Amino acid sequence: MARTTGELTGAEAARGALPSGARAAQAAQHERAPGGPGVNGGPLFDQRRRPLRDLRISVTDRCNFRCGYCMPRSVFGPGFEFLPARELLSFEEIARLSAVFVSLGVRKLRLTGGEPLVRRDLPELIRQLPKAPHLDLALTTNGSLLAPHAEALAKAGLERVTVSLDSLDDATFRRMNDAQIPVQTVLDAIAVARAVGLSVKINAVIQRGVNDGGLLDLVRHFREHGLVLRLIEYMDVGNSNGWRHSQVLSAREMLERIDAVFPLESIESSYPGEVARRYRFRDGSGEIGMIASVTQPFCGDCSRGRLSAQGSLYTCLFASEGHDLRALLRSGQTDDEIAKRITQVWQARADAYSEQRGAPLVKLSRRPKIEMSYIGG
Ligand code: SF4
């Protein structure tokens, strides 16, 4: 792809160079926005002075699992029409947008889906993404396709994977993924990922009455294997999962159950805006994270933008509408112009869905939301 005058290579972005349009957009913001950018090309700020630091990039809307809380088979069954290939951003388009986001202050790129590994040649995308010492590159996956690709992903420059695994009980896991994937496939993939040098964390969504009976087994297993497990409250993502508050097992209750067997103490976050609250085992055998998005919302620190597989920018996991960046790419706009558009979108952002979820006068649950499989979790 031809490089526009304002376009940055990953290395230029890494040095903090900005396309001229991005500089202009930041300078304009500095005067007008509630937060504006930091000095010397610092991050963009939204209406609540939250910086744009993380970008989650969905590379596909497809997944080989049919988890009830994300892509229930009753909705995403054989007749469901997924996006045709021409609708997806190409790897070149993703890499180009990523470099623009990095030039605007993003410091973490996370590839997600759907299931990102159902898209072919993912290592090639990783090779094309910007690289820099301060830029964190990670992948979220269900782990079922990870083992054969782990080495190529690591060689291409991937550093970290977060593997979703909601139960160690094979029958429960198969019931939850609704695709007959055995739990051992994911455990084997975790071992392979570690062996090739990837840093691994585990995410588990805990749903009362579905998999909460295996909570302590998960904690015990990953504690013994020296991996950080992050436990996530069941959320009302998308419109398809029939979410009920009664199915939420609160972080507090999870902590009580764990602490009774494996005593815990809270510890500092690793960085501002970290989603998980951290707790370490008092016997020094590692730590766990709690993602309490329902009962203890963290919108105040939310620095995440989400790029859908179609190239729309969403400013919240629960947003109804995205902002079409693909149209800008495909109509020949320069990187400067795209940077200006991203700046406008972020500057106008005021999302705080999880804080407002319980508000009696706000009928949030009736508002159609983007499905999580389009923008990742
Ligand atoms: S609800 Fe939206 S704004 Fe709040 S933490 Fe989640 S993604 Fe961020």
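**Exercise 1.** Find which residues Leu 122 is in contact with, leaving aside its neighbours within four places in sequence.

Solution. Step 1: two residues are in contact if their C-beta atoms, placed from the backbone, lie within 7 Å. Step 2: with neighbours within four places in sequence left aside, the contacts of Leu 122 are Pro 116, Leu 117, His 149 and Leu 153. The model used here is predicted; local features need pLDDT of at least 70, side-chain atom pairs count only at pLDDT 80 or more, and totals for chains, interfaces and linings use all residues. Residues are numbered from 1 along each chain as its sequence is written.

**Exercise 2.** State where Leu 122 lies, and decide whether Leu 122 is buried or exposed.

Solution. Step 1: Leu 122 lies in helix H4; helices (H or I, at least four residues) and strands (E, at least two) are DSSP runs, numbered from the N terminus. Step 2: a residue is buried if 20 or more other C-beta atoms lie within 10 Å of its own, exposed if 12 or fewer, and partly exposed in between, with C-beta atoms placed from the backbone. Step 3: Leu 122 has 23 C-beta neighbours inside 10 Å, so Leu 122 counts as buried. Step 4: Ala 156 is 34 residues from Leu 122 in sequence and 9.2 Å from Leu 122 in space, C-alpha to C-alpha.

**Exercise 3.** Apply the same cut-offs to Val 261.

Solution. Step 1: Val 261 sits in the loop between helix H9 (251–259) and strand E7 (264–267). Step 2: the count for Val 261 is 11 C-beta neighbours inside 10 Å, so Val 261 is exposed. Step 3: between Val 261 and Arg 220 there are 9.5 Å in space, C-alpha to C-alpha, and the two are 41 residues apart in sequence.

**Exercise 4.** Describe how helix H3 and helix H11 pack.

Solution. Step 1: two packed helices are described by the angle between their axes and the distance between the axes. Step 2: H3 (residues 91–103) and H11 (residues 335–348) pack at about 60 degrees, with axes 10 Å apart; axes are lines fitted to C-alpha atoms, for helices over the stretch in contact, and angles run from 0 to 180 degrees between N-to-C directions. Step 3: angles under 35 degrees count as roughly parallel, over 145 as roughly antiparallel, 65 to 115 as roughly perpendicular and the rest as oblique. H3 and H11 are therefore oblique to each other. Step 4: Val 100, Phe 101 and Ser 103 of H3 meet Asp 335, Ile 338, Ala 339 and Ile 342 of H11. By class, this contact of H3 with H11 has 5 nonpolar, 1 polar and 1 charged residues (Ala, Val, Leu, Ile, Met, Phe, Trp, Tyr, Cys and Pro count as nonpolar, Asp, Glu, Lys and Arg as charged, and the others, Gly among them, as polar).

**Exercise 5.** Examine the backbone at Arg 49, at Asp 178 and between Gly 113 and Gly 114.

Solution. Step 1: most residues other than glycine have a negative phi, and most peptide bonds are trans. Step 2: Arg 49, in the loop between helix H2 (20–32) and strand E1 (54–58), has a positive phi near 60 degrees. Step 3: Asp 178, in the loop between helix H6 (170–177) and helix H7 (183–195), has a positive phi of about 50 degrees. Step 4: the peptide bond from Gly 113 to Gly 114 is cis, with omega near 15 degrees.
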